[in-house]
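These are my notebook entries on a structure I looked through. Each entry records what I looked up and what I found.

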Amino acid sequence: MTHQYSLKGMTCSGCEANVRDALLKLPEIESVDLSHEEDSAEIKMSSHLPLSTLKKALKPLGGKYSITEREGAKMPLDDEKDTRSWLETYKPILLIFGYLMAVTLLVQWYRGEFVLMEWMHHFMAGFFLIFSFFKMLNLKGFAESYSMYDIVARKFPAWGYI
């Protein structure tokens, strides 16, 4: 499978050679076609590598090069199809939702009355607490993706971490 990327920081054919050598060290990469004039990279892989792996491969070159998915390029998926059923796919979110629903209903039952707005406050508080935890599992990934749609985080990357 062939992937297309934007690769900035190359200024000459020597830069292209350095980047090509760094990327070809990854066993999944079969060939690399670079252009410093167009800031582009076409990489043929035996199996899909995430962008983070490509960035790590370029890191020893001093942080001079930045690789991103090419605007408008459709990234192919792995050859393996996801054969999980709907229930297997959504089981974690359904369990979280069910647990949260049960706990907030128990809080209302313990109080002796059911007040819809109070229940909704408890439910939403729990929802935001639980799902904020998932951001902490990959804080860097969250901050990078957040900067794609938040104006402040785009100009001030630390905002995504804050």
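Predicted model: local features only at pLDDT ≥ 70, side-chain atom pairs only at ≥ 80, totals over all residues.

Entry 1, salt bridges. I looked up Lys140 and Glu144 and found both in helix α5 (residues 139-146), 4 residues apart, which is about one turn of the helix. Helices here are DSSP runs of H or I with at least four residues, strands are runs of E with at least two, and both are numbered from the N terminus. Lys140 forms a salt bridge with Glu144, with the closest N and O atoms 3.9 Å apart. The criterion I applied is a side-chain nitrogen of Lys or Arg within 4 Å of a carboxyl oxygen of Asp or Glu. Lys140 is partly exposed at 49% relative accessibility, and Glu144 is partly exposed at 39%. I use buried for under 20% relative accessible area, exposed for over 50%, and partly exposed in between (1.4 Å probe, protein chains only).

The count by this rule is 2 salt bridges. Glu118 forms a salt bridge with Arg111, where the closest N and O atoms are 2.4 Å apart. Glu118 is partly exposed at 23% relative accessibility, and Arg111 is partly exposed at 48%.

Residues are numbered from 1 along each chain as its sequence is written, and side-chain values use heavy atoms, with hydrogens and water left out.

I then listed the buried residues of α4: Trp119, Phe123 and Gly126. They cover an arc of only 70° around the axis, so they lie on the same side of α4; the arc is taken from the directions from the helix axis to the C-beta atoms. The face turned away from this buried side carries the exposed residues Met117, His121, Phe128, Leu129 and Met136.

I searched the whole structure and found 10 aromatic pairs. Rings of Phe, Tyr and Trp (its six-membered ring) pair if their centres lie within 6.5 Å; planes under 30 degrees apart are stacked, over 60 edge-to-face, and the rest tilted. The rings of Phe97 and Phe123 have centres 5.6 Å apart and planes at 80°, so I recorded the pair as edge-to-face. Phe97 is in helix α3 and Phe123 in helix α4 (residues 116-137), so this pair ties together parts 26 residues apart in sequence. Phe97 is partly exposed at 43% relative accessible area, whereas Phe123 is buried at 8%. Tyr146 and Tyr149 also form an edge-to-face pair, at 5.3 Å centre to centre and 85° between the planes. Tyr149 is exposed, with a relative accessible area of 58%. I also noted one aromatic cluster, formed by Phe127, Phe128, Phe131, Phe133 and Phe134.

Asp39 has a positive phi of about 50° although it is not a glycine. Asp39 is found in the loop between β2 (29-35) and β3 (40-45), and it is partly exposed at 24% relative accessibility.
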